[in-house]
Every structure is written in C-alpha cells, then in structure tokens.
Amino acid sequence: MNILFRIALIFSRLPLKMLYLFSDLIFFVLYYMVGYRKKVVLENLKNSFPEKPVHEIRRIHKDFFKNFSDYLVETFKSFTISSHELRVRVQHINQDVFRDAKKEGKNVILLAGHVFNWEWLTALAKIIPQENSFPVYRKVQSRFWEEKMKSIRNRFGNQSLEAREVIRHIFRNPNDGNSVYMFVADQTPHYSEVTYGLNFLNQKTPAFVGYDKLSTRMELAFIYCDMKKVGRGYYQVNYYRIYPESERFQEYEVVKQFHKLLENTIDRRPDNYLWSHRRWKYQSAIKIMNEKIPIGNE
C-alpha cells in the first residue's frame, strides 16, 4: 500500500495539463475497453430523463465518462495541489452567506451533491470567516486509503469527521457561527437506515436525512453549493442560503429543498453528476414517501 501511495504522490506532482493526458487514456480504457459500469450509468440516465431522445442520452453518457476520468486525476492532484492553484481553479461566488451566518452566530451546514469536482471544495476553509471547517466522510473498507483520503480533506486547515460521529459533534460544539460542516448530502443510506424518500430525477429516491434532524432542533445556517464545471480543471461554485418557508424548518423541509436545488444543478449539466453509483437500489426500503418536492428556493 505504501508503495502505491508513493507512486500516487509522484503522479500527483505532475502538472494538470499532463495529468489530463492520463485522463484521456483512462477515458478510452473505461469507455471503450473495460466498459466500467456503462450499463448502470445508461440505466440511471434513461430513468432520470425519460423525455430526452436516445441520441442525447448517449451523448450525456459519453461526456459523463470524460468528466469522471478528469475527476479521478483531479482527486490524485488533491494530494499536493496548492491552495493558490485551487483559488485560481475554483471560483467561490456569493461568500456573503458565510459572513451573514457568522454575524448571526449560527454554525453552517454546507450541502453539496456528487457534482464534479466536490473534492476541491475543501479549500473553502482558507476563504470563509469561520475558524473551523469539518468535511464529513464515510468510512471505506481499507483503513490505509481512508487515512490517505482524510489527509486530502484535512489539508487547508480542515478537520474531517466520520459520518456516524458528526451529529453528536454538532450538538456538543458551540453554535457560535465559527464552524462549517461540509456534507455531500445525496449519499445513499444503507438499506437498514432508509426511512424517508422523495421524487428526485423522476425516481423514488431514498434520502439521507441525518442533517434534517438538526434543522428542527438548532438554529443553524443551511447553505447549498451549486457547483458548475466551466472548463477543464476550472469550476465555479455559487452558494445559496436555504431558508424555511415559515418561521422554522419543518421535518424533511431541508431535505426537500436540497434535492430540488440539486435537481436544478443536474438539469443544467447532467454529464457532470456521478451516475456510476446504484443510487436507487433501495427504493423498496422507503417507509415515508414524499410524492412532490416543493419549489422552495427556486
């Protein structure tokens, strides 16, 4: 494992222009030779966009694998990329929402989707006024690679938290506007943990709801990350505050609004979303189904 990691570090130090040559090779191998999860991606796209013609689905399908290959080499680059280069490559727009939360004395729950390249959001800690930044992650089977991925996320002053410990941490941490918790919030809950589902991308979708429990118990600032790929290796992130429709958040309201905002992001650039996971495999486990996602912050 150590040898593989040292090779990854050497690979990471190459300039991105050179790494994208490897990305082109990875794309060719995955798409034309190995066929990595091509059927899964195609099925997910067809079910999500039943109104789109076959030729457009196939174009999105192919473009996804190009973006996915870029994501892989960009993740390797994350081991050594400087904060200055990330500031150039990722433009963060509407940072006032973080300053407002700080003034209000409310910690921030940052909600992102699996939109490329979410791994590069970690440099946000160097920009925002909050002193503490906690990316939330899920454990992987390999302890070695889990530690290495944590090292990526803990660069730039972050303090990674495992998903099972984050809720307890939030309740114990002073809610004073000095902390940001970064959730990739469209995770698929384990079959045994599925409770709530909604209509997302034209499909019954089991929803991760851990952060929703916080919205009805604490005065927190919920912020959505609208990430957009504007060029190869360049991204733009718009931040939007999620507000309750009445005086306080109701149960599952934040989950509904997050998924609606994420759906809008995906509709604009569907090839930039992670389609290779079996996100809808636990539909039968849904116990509470919300049939319609409210307009919310559109």
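Predicted model: local features only at pLDDT ≥ 70, side-chain atom pairs only at ≥ 80, totals over all residues.
Which charged end sits over the ring of Tyr31? The charged end of Lys38 does, at 4.0 Å from the ring centre. A charge counts as sitting over a ring if NZ of Lys or CZ of Arg is within 6 Å of the ring centre and within 35 degrees of the ring normal.

Residues are numbered from 1 along each chain as its sequence is written, and side-chain values use heavy atoms, with hydrogens and water left out.

Start with confidence. pLDDT is the predictor's confidence in each residue, from 0 to 100. The chain averages 92, and 96% of the residues score at least 70. Helices (H or I, at least four residues) and strands (E, at least two) are DSSP runs, numbered from the N terminus. Confidence in the chain is highest in β2, with a mean of 98, and lowest in α7, with a mean of 75. Over residues 293-298 the pLDDT is below 50. Beyond near neighbours in sequence, that stretch has 19 contacts in the model; a contact means heavy atoms within 4.5 Å.

Now look at the sheet. Strands of a sheet pair through backbone hydrogen bonds, either parallel or antiparallel. Here two strands pair if DSSP finds at least two bridges between them. An open sheet is formed by 7 strands, in the order β1-β9-β8-β2-β5-β3-β4, with mixed pairing. The edges belong to β1 (90-93) and β4 (161-162). Each has a single partner strand, so one side of each is left without a neighbour in the sheet.

Follow β1 first. It runs parallel to strand β9 (residues 234-242), and 4 bridges join the two. Gln91 stands opposite Gln236 in β9. Buried means under 20% relative accessible area, exposed over 50%, and partly exposed in between (1.4 Å probe, protein chains only). Further along the sheet, β2 pairs with strand β5 (residues 179-184) in the parallel sense, over 5 bridges. Val108 has Val180 of β5 as its bridge partner.

Turn to the helices. Helix α3 (residues 38-48) has the buried residues Val40, Val41, Leu42, Asn44, Leu45 and Ser48. What covers them includes α4 (54-77) and β7 (203-206).

Next come the rings. Rings of Phe, Tyr and Trp (its six-membered ring) pair if their centres lie within 6.5 Å; planes under 30 degrees apart count as stacked, over 60 as edge-to-face and the rest as tilted. The whole structure holds 27 aromatic pairs. One of them joins Phe28 and Tyr32, a tilted pair with 5.4 Å centre to centre and 40° between the planes. Both residues lie in helix α2 (residues 16-34), 4 residues apart, about one turn of the helix. Phe28 is partly exposed at 42%, and Tyr32 is partly exposed at 46%. Ring pairs also link a cluster, whose members include Phe27, Phe28, Tyr31, Tyr32, Phe116 and Trp118.

Last, the charges. A salt bridge is a side-chain nitrogen of Lys or Arg within 4 Å of a carboxyl oxygen of Asp or Glu. The structure holds 19 of them. One joins Lys106 and Glu219, at 3.7 Å from N to O. Lys106 lies in the loop between α6 (96-104) and β2 (108-112), and Glu219 in the loop between α9 (212-215) and β8 (221-231), so the pair ties together parts that are 113 residues apart in sequence. Glu219 is partly exposed, at 40%.

Arg153 forms another salt bridge, with Glu119; the closest N and O atoms are 2.8 Å apart. Arg153 lies in helix α7 (residues 143-153) and Glu119 in the loop between β2 and β3 (132-137), so this pair ties together parts 34 residues apart in sequence. Arg153 is buried at 16%, and Glu119 is buried at 4%.

What about Arg164 and Glu162? Their side chains meet in a salt bridge of 3.3 Å, N to O. Arg164 is exposed at 65%, whereas Glu162 is buried at 8%. Elsewhere, salt bridges that share partners join Lys52, Glu56, Arg59, Asp63 and Lys66 into one network.
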